[in-house]
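User: I should like to learn how to read strands and helices in a structural model. Could you guide me through the features in turn?
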Protein chains: 2
Amino acid sequence: MVRNLGVLVATFCFLLGFAVGDWNILNHKRKNGLQISLKNYCEAWRMNVELHNIKDFKVVPEECVEYIKKYMTSTQYTIDSERTIDESRVYISTSCTFKKDGKDAWIFDIDDTLVSTVPYYKKNGVWGEKLNLTSLEEWMKKGKATALDHTLKLFNELKAQGVQIFLVSSRRETLRSATVDNLVDVGYFGWTSLFLRNSENENKNVQQYKAGVRQDLINKGYQVWGVVGDQWSSIEGIPSAIRTFKLPNPLYYVA
Amino acid sequence: MVRNLGVLVATFCFLLGFAVGDWNILNHKRKNGLQISLKNYCEAWRMNVELHNIKDFKVVPEECVEYIKKYMTSTQYTIDSERTIDESRVYISTSCTFKKDGKDAWIFDIDDTLVSTVPYYKKNGVWGEKLNLTSLEEWMKKGKATALDHTLKLFNELKAQGVQIFLVSSRRETLRSATVDNLVDVGYFGWTSLFLRNSENENKNVQQYKAGVRQDLINKGYQVWGVVGDQWSSIEGIPSAIRTFKLPNPLYYVA
């Protein structure tokens, strides 16, 4: 009975919203005769970013800034990310036969993988703006990035299984101490090595730099079971890991 | 004024829907204290399929069958796919310097890339069922697959630029004549070669088979500028194309 009422109200709202709301608010673009709402348009943009069909974008399209801001602070973003981590957990429990010889390795990105930069975007209101590295690094120095709880949980599970954890970030070497403080402060400790960008690798793009780190680890005898990152540049490139897991991130693009 | 009315109605509906509808219909799963609706859950599943974090699924999860059916027949699916094709068009116009020597090549999948299998799922009501190859092939033999209009447009644009078009499908050789008839019937003609699975390559998985075709083309002097497909197995593997474009498809998985 109450369920039926729910269905009725939902249907009524849907139709009413369509009749009155969509007509005015959402009728943003038309194409091939299809009525396309702004939400349709921005959702397609986000999906194609995650499919890696859209590359190298410098900013979120102006008309989708509100939509992306809403997504990045939504339950959906949390659930999407949790599912990514859950899938890596399924892979670990079903397919990883750790050798426990000190050479089992797992790689994590830092920003928007271990910790969130959303507080930076919130504080500075820069959702639709081109990345200002000076301002971002100033914020990073303060060490206020918050943990992404689902990744922290996975981090601890891997640690408990004796897996060596490598953090490979495109943050610069000058941020080492602030980064370590921030990570420890929100609960991350016990990693094996933290790789940051320095004068030796700053001439490479991020994908080359991160693939180079994987190559070094493999040369040292590590088995890289997995990588978790929010950018395709953390995941693509050769050598790869056995499995890779891409967290959603439509907020910025690192080539 | 009318716009404000739209906003008011939308807000009212949102709140009413939340108060009455969500409470009963959508409060499906809880995790870490978050209230997760069935839509949240299924959207996260779909997103992680497209991110290629979820692999090798045999069926759509039972609780998401309605959601995926709705998506695959929605404007959103059309818009998402159109955006994929639009991005390949941007790439072609900005980055492809075709040599016009008869060796410029582009590769397309067939099913859910050139033509849609959604009519099959609709007709047979098999959205949540494991793939029945016999029944699918019977349907394919009838040649009733409909064109995906945005891909047809791209196909014709490439053809007009003198690009050699290769169709690489995991359909079997026995379906050749029905496939050709169906393609021509909905507007596709003028491709250079149609590759189907035969006794020579049926021992390979789809990714190996498709990478093998690309290798053969490269050996013959073709420049493979791009691949458009709806499965990661059409896109991953070495050698790759210069760029690849992944259409959305949460309906089935081809390894």
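Analyst: Let us begin with terms: two strands pair if DSSP finds at least two bridges between them. Helices (H or I, at least four residues) and strands (E, at least two) are DSSP runs, numbered from the N terminus. This is a predicted model, in which local features need pLDDT of at least 70 and side-chain atom pairs count only at pLDDT 80 or more, while totals for chains, interfaces and linings use all residues. Residues are numbered from 1 along each chain as its sequence is written, chains are lettered from A and ligands numbered from 1 in the order in which they are written, and side-chain values use heavy atoms, with hydrogens and water left out.

User: Which residue stands opposite A:Phe245 in β9(A)?

Analyst: The residue opposite A:Phe245 is A:Val228. Strand β8 (residues 223–229) of chain A pairs with β9(A) in the parallel sense, over four bridges.

User: Are the faces of strand β9 of chain A covered or uncovered?

Analyst: In a regular strand the side chains alternate between the two faces of the sheet. Buried means under 20% relative accessible area, with a 1.4 Å probe and protein chains only. Both faces of β9 (residues 243–246) of chain A are covered, with A:Arg243 and A:Phe245 buried on one side and A:Thr244 and A:Lys246 buried on the other.

User: In what order do the strands of the open sheet in chain B lie?

Analyst: The five strands are ordered β7-β6-β3-β8-β9 (chain B), with parallel pairing. Strands β7 (193–197) and β9 (243–246) of chain B each have a single partner strand, so one side of each is left without a neighbour in the sheet.

User: How do helices α2 and α3 of chain B cross?

Analyst: Axes are lines fitted to C-alpha atoms, for helices over the stretch in contact, and angles run from 0 to 180 degrees between N-to-C directions. Contact means heavy atoms within 4.5 Å. The axes of α2 (residues 38–50) and α3 (residues 65–72) of chain B come within 10 Å and cross at roughly 65°. Among the residues making this contact are B:Trp45 of α2(B) and B:Tyr67 of α3(B).

User: Why does the length of helix α7 of chain B agree with its number of residues?

Analyst: The expected span of a helix is 1.5 Å times one less than its number of residues. The twelve residues of α7 (149–160) of chain B should therefore span 16 Å, and the end C-alpha atoms are 17 Å apart, which agrees. Its buried residues include B:Leu152 and B:Phe155. Just after α7(B), B:Gly162 takes a positive phi of about 80°.

Key: Buried < 20%, exposed > 50% of the residue type's maximum accessible area, 1.4 Å probe, protein only.
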